[in-house]
Amino acid sequence: MTASDREGMQALLRFLQRVGGLDSRDASRLERLATDKQQPIIELLEREGIITQRDLAVLLGEALQLPLGRRVPNPASNSQSRLSQSATRAAIA
């Protein structure tokens with residue numbers, strides 16, 4: 001685990017303590033497990049039944065005030081998904 005990985009994990013655990021109700025004892029235990037087993041923290045959070053990836057995404061999205069529930073276009077990508085293309089064709093027709 002790189003220093004950057006560790007800092008990211010610690011930031012995520014602090015965030016979950018602040019807004020998600022994770023207690024400091026569990027945060028420390030999860031950090032030790034992730035470091036010792038070289039396992040991504042999200043896998044441990046999910047396996048321990050603390051939070052799913054989807055619930056974490058929603059929690060982070062709310063904290064960042066992202067517009068959830070609608071597709072946010074990626075300006076770096078010129079391609080559209082098949083669903084997006086069919087919706088565009090239906091709107092034009």
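The following exercises, with worked solutions, concern a predicted model.

**Exercise 1.** Determine how helices α1 and α2 are oriented relative to each other.

*Solution.* Two packed helices are described by the angle between their axes and the distance between the axes. Helix α1 spans residues 3–19 and helix α2 residues 24–37; they pack at about 155 degrees, and their axes lie 10 Å apart. An angle over 145 degrees counts as roughly antiparallel. Therefore α1 and α2 are roughly antiparallel to each other. The crossing in which α1 passes α2 is right-handed.

**Exercise 2.** Identify the residues through which α1 and α2 meet, and classify them as nonpolar, polar or charged.

*Solution.* On the α1 side, the residues are R6, M9, Q10, L13 and Q17. On the α2 side, they are S24, A27, L30, E31, A34 and T35. The residues of this contact comprise 5 nonpolar, 4 polar and 2 charged.

**Exercise 3.** Locate Q39 and describe its contacts.

*Solution.* Q39 belongs to the loop between α2 and α3, the latter covering 41–47. Its side chain forms a polar contact of 3.3 Å with the side chain of E43. Leaving aside residues up to four places away in sequence, Q39 touches A34, L44 and R47.

Conventions: Residues numbered from 1 in each chain as written. Predicted model: local features only at pLDDT ≥ 70, side-chain atom pairs only at ≥ 80, totals over all residues. Heavy atoms only, no water. Axes fitted to C-alpha atoms, helices over the stretch in contact; angles between N-to-C directions. Helix = DSSP H or I, 4+ residues; strand = E, 2+ residues; numbered from the N terminus. Parallel < 35°, antiparallel > 145°, perpendicular 65-115°, else oblique. Left-handed = near helix turned anticlockwise from the far one by under 90°. Contact = heavy atoms within 4.5 Å. Nonpolar A, V, L, I, M, F, W, Y, C, P; charged D, E, K, R; others polar. Polar contact = N/O pair within 3.5 Å; in protein donor to acceptor, adjacent residues only side chain to side chain.
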